[in-house]
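Please read this briefing with the sequence and the structure side by side. The points after the display are grouped by topic.

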Amino acid sequence: MFRSSAPRIVPNSTGPASGPYPQETPTLERTLVLLKPDAVQRGLIGRILSRFESKGLKIVALKLQTFPVPLIKTHYAEHKGKPFYNDLVGFMTSGPVGALILEGNGAIEITRRLMGATSSAKADPGTIRGDFGMSFSNNLVHGSDSAVSAKREIALFFPNKSEINRWTPANETWIYSSEELPAPKATKKKGK
Ligand code: RTP
Ligand code: MG
C-alpha cells in the first residue's frame, strides 16, 4: 500500500541531516483509533497512547466518551448478523471509550501493526494486544483497517472538524528525515 512519491524537500530544514539515499515515503494518512472500554477500565489509556506517541504518530484529535448504540452499530456495520455482533455493540457501549485520530506517513498500517492480531492471546509480544491482553473480544484497541474505513470512521466519531487539530510537533524534524517530512495539507478556501 506504500505509494511511490517524489521526495518532499524542505528548504532550510533545521532537523538532522537526511540519509544520502532517497527512499520511498509512505503517504501521509489519518486513522481512527478507539481505546475500548476494557482499556479505559483497566487504566491502560496512558500506556497505550504512549505506544503511539513513542512511535512518532501524531495525535490530532482526542476525546473520552460513552458513545450511543446507533453510532457503534454504524461503526461495526460490517459485522452485523455475525454471532458476536450484539455482544460487541454491548461491550463497546458499556462505558467510556477513548477516541483519537492519529496522523503520520503510513499511519493506517503502522497503527494496525502496533495493535497486533485481533486475538490478544495470539497477538505477538511487543504489540499492544500482545502485551496487555488475554481475550479475543476484549482486545483493548480498534484501528481503521484501510483508507476507506479511516475516512468513514473519522467522519463518524469526529463529525465536527473543529475537534481535529493542525499542529506541528516540536520534534517532527527529528522523527522524519527532511525528504520524509509530511507536507502540510492544503487548507481549502471558503466557497471552493
Ligand atoms: P477492530 O475492528 O475492533 O479494530 O478489530 P479487528 O479489525 O482486529 O477485528 P474484527 O474482525 O474487525 O472484529 C471486530 C471486533 O469484534 C470483536 N470480535 N469478537 N468473539 C468473537 O468471535 C469476536 N470476533 C470479533 C473483537 O473485539 C474485534 O476486535
Ligand atoms: Mg475491524
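In this predicted model, buried residues account for 28% of the 192 residues in the protein. The secondary structure comes to eight helices and four strands, and from the N terminus on these elements follow the order β-α-α-β-α-α-β-α-α-β-α-α. Among contacts between residues at least 6 apart in sequence, 72% join residues that are at least 24 apart.

**The sheet**

- The four strands form an open sheet in the order S2-S3-S1-S4, and their pairing is antiparallel.
- Strand S2 (58-65) and strand S4 stand at the edges with a single partner strand each, which means that one side of each is left without a neighbour in the sheet.
- From one strand to the next, the twist averages 20°.
- S2 and S3, which run antiparallel, are joined by seven bridges, and Ala61 stands opposite Ile101 in S3.
- Helix H7 packs on the sheet, where it touches S1 and S3, and the direction of H7 makes about 60° with that of S1.

**The nonpolar core**

- The largest nonpolar core has 29 residues, and those with the most contacts inside it are Leu34, Ile48, Leu102, Ile128, Leu140 and Val141.
- Two or more residues of this core are given by each of strand S1 (28-35), helix H2 (45-55), strand S3 (97-105), helix H5 (107-115), helix H6 (128-132) and helix H7 (147-157).
- Once its neighbours within four places in sequence are left aside, Ile128 is in contact with Ile48, Arg51, Leu114, Met115, Gly116, Leu140 and Val141.

**Helix H5**

- The buried residues in H5 are Ala107, Ile108, Ile110, Thr111, Leu114 and Met115.
- After H5 comes Gly116, whose phi is positive, near 90°.

**Around ligand 1**

- Which residues are found around ligand 1? They are His79, Phe84, Leu88, Thr118, Phe136, Ser137, Asn139, His142, Gly143 and Asp145.
- Sorted by class, the shell around ligand 1 has three nonpolar, six polar and one charged residues.

How values were computed
Residues are numbered from 1 along each chain as its sequence is written. Chains are lettered from A and ligands numbered from 1 in the order in which they are written. This is a predicted model: local features need pLDDT of at least 70, side-chain atom pairs count only at pLDDT 80 or more; totals for chains, interfaces and linings use all residues. A residue is near a molecule or strand if its C-beta atom, placed from the backbone, lies within 6 Å of it. Ala, Val, Leu, Ile, Met, Phe, Trp, Tyr, Cys and Pro count as nonpolar, Asp, Glu, Lys and Arg as charged, and the others, Gly among them, as polar. A nonpolar core is a set of buried Ala, Val, Leu, Ile, Met, Phe, Trp, Tyr and Cys residues joined through C-beta atoms within 7 Å. A residue is buried if 20 or more other C-beta atoms lie within 10 Å of its own, exposed if 12 or fewer, and partly exposed in between; C-beta atoms are placed from the backbone. Two residues are in contact if their C-beta atoms, placed from the backbone, lie within 7 Å. Two strands pair if DSSP finds at least two bridges between them. Axes are lines fitted to C-alpha atoms, for helices over the stretch in contact, and angles run from 0 to 180 degrees between N-to-C directions.
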